[in-house]
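Thanks, everyone. I'll take a few minutes to walk through the strands and then the core.

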Amino acid sequence: MAAPWRSPFSDAFPCFDAHVHLHPPGLARAIERWFAGQGWRAGHAFDPAAVADTLRARGVRRFCFFSYAHKPGMARGLNRWLADIAATLPGAVALGTLHPDDPDLDAVAREATDDLGLRGFKFHHSVQRFHVDDARLFSVYERAEAAGHVFVLHVGTMPYRDAFTGVERFAGVMARFPRLRVCVAHMGAFQSAEFLALLARYPHLYVDTTMAMTLLATRYVGADPAAISDAELERHQDRVMFGSDFPLIPYDYDEERRWAWERRLPDAVRRKIFHDNAEAFFGGRP
Ligand SMILES: [Zn+2]
């Protein structure tokens, strides 16, 4: 059973959550219903202000949030909503969404970063059903490399393998765009070793810990925290960012953080994982 754990996070030990979901009310309700159908009750309020309040109460000073367009025609409206919400949440970084079936993909991408001020894009390849190496995205990647836009990509095979996930196509994208600033979500599970092996080659490649480091996530997404050793975390200590999946997680927020204390990682490593690396990746204050 979980031992009581006292969260150390405060202004003196700040936390930056690299992986938070905020959706417009209609989409949030649909997602909540879908998860409930899977026997997965998040139990946390989805309203952006409530999410921000909860995070602040947990010592989270900054966070990155996103939504996703699961079909064409949605991205432009969602990006506008994301930018509007970001303006109401001090310290928050918003990423936009894209769908490559949108005929005006490049214009939507430019509007998101240049007009709306979104920091980059989040893709969830299984839900959005497109490949990371879809050639229609190449101009977006090319501009991102030059401008420093960031990507958070759920391109790993957790919770299930399908045609849209896996390290092979992703490795091809990095070979083609080696300066791309990418965070691979969920430690790249279930192919963590393969994704972590790419970190040495690409200086702007990161991973996030979201739902990959707590045993509580095993029954929901099949997480296997034992697949990632303490030695690997220490080796990659400058490229691992804490993420939570809040408010979608069906357990308490701190279950996404206490593993780093149960593993007795050095404090200097924890500070990087829970704050400094995200500051470096997302870059500066908004
Ligand atoms: Zn997520």
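**Core and strands**

The largest nonpolar core holds 79 residues, and those with the most contacts inside it are Ala94, Phe151, Leu153, Cys183 and Met241. Please keep in mind that this is a predicted model.

Let me start with Ala94. Leaving aside residues up to four places away in sequence, Ala94 touches Phe65, Phe66, Leu82, Ala83, Ile85, Ala86, Leu118 and Arg119. In general, nonpolar side chains in soluble globular proteins tend to be buried together.

Now the sheet. Three strands make up an open sheet, ordered E1-E2-E3, with parallel pairing. Which strands are at the edges? They are E1, residues 15-21, and E3, residues 92-94, each of which pairs on one side only. From one strand to the next, the twist averages 20°.

Between E1 and E2, the latter covering residues 60-66, there are 5 bridges in the parallel sense. In that pairing, histidine 21 is opposite phenylalanine 66 of E2. Phe66 is also among the residues that Ala94 touches.

What lies across these strands? Helix H12, residues 267-282, lies across E1, E2 and E3 and runs at about 65° to E1.

Next, the other pair. Strand E4 spans residues 120-124 and is mostly covered, with 5 of its 5 residues buried. Histidine 124 has histidine 154 in E5 as its bridge partner. Going back to the core, Phe151 and Leu153 are among the residues with the most contacts inside it.

That's it from me; over to you.

How values were computed. Residues numbered from 1 in each chain as written. Predicted model: local features only at pLDDT ≥ 70, side-chain atom pairs only at ≥ 80, totals over all residues. Pairing = 2+ DSSP bridges. Helix = DSSP H or I, 4+ residues; strand = E, 2+ residues; numbered from the N terminus. Axes fitted to C-alpha atoms, helices over the stretch in contact; angles between N-to-C directions. Contact = placed C-beta atoms within 7 Å. Core = buried A, V, L, I, M, F, W, Y, C linked by C-beta atoms within 7 Å. Buried ≥ 20, exposed ≤ 12 C-beta atoms within 10 Å, placed from the backbone.
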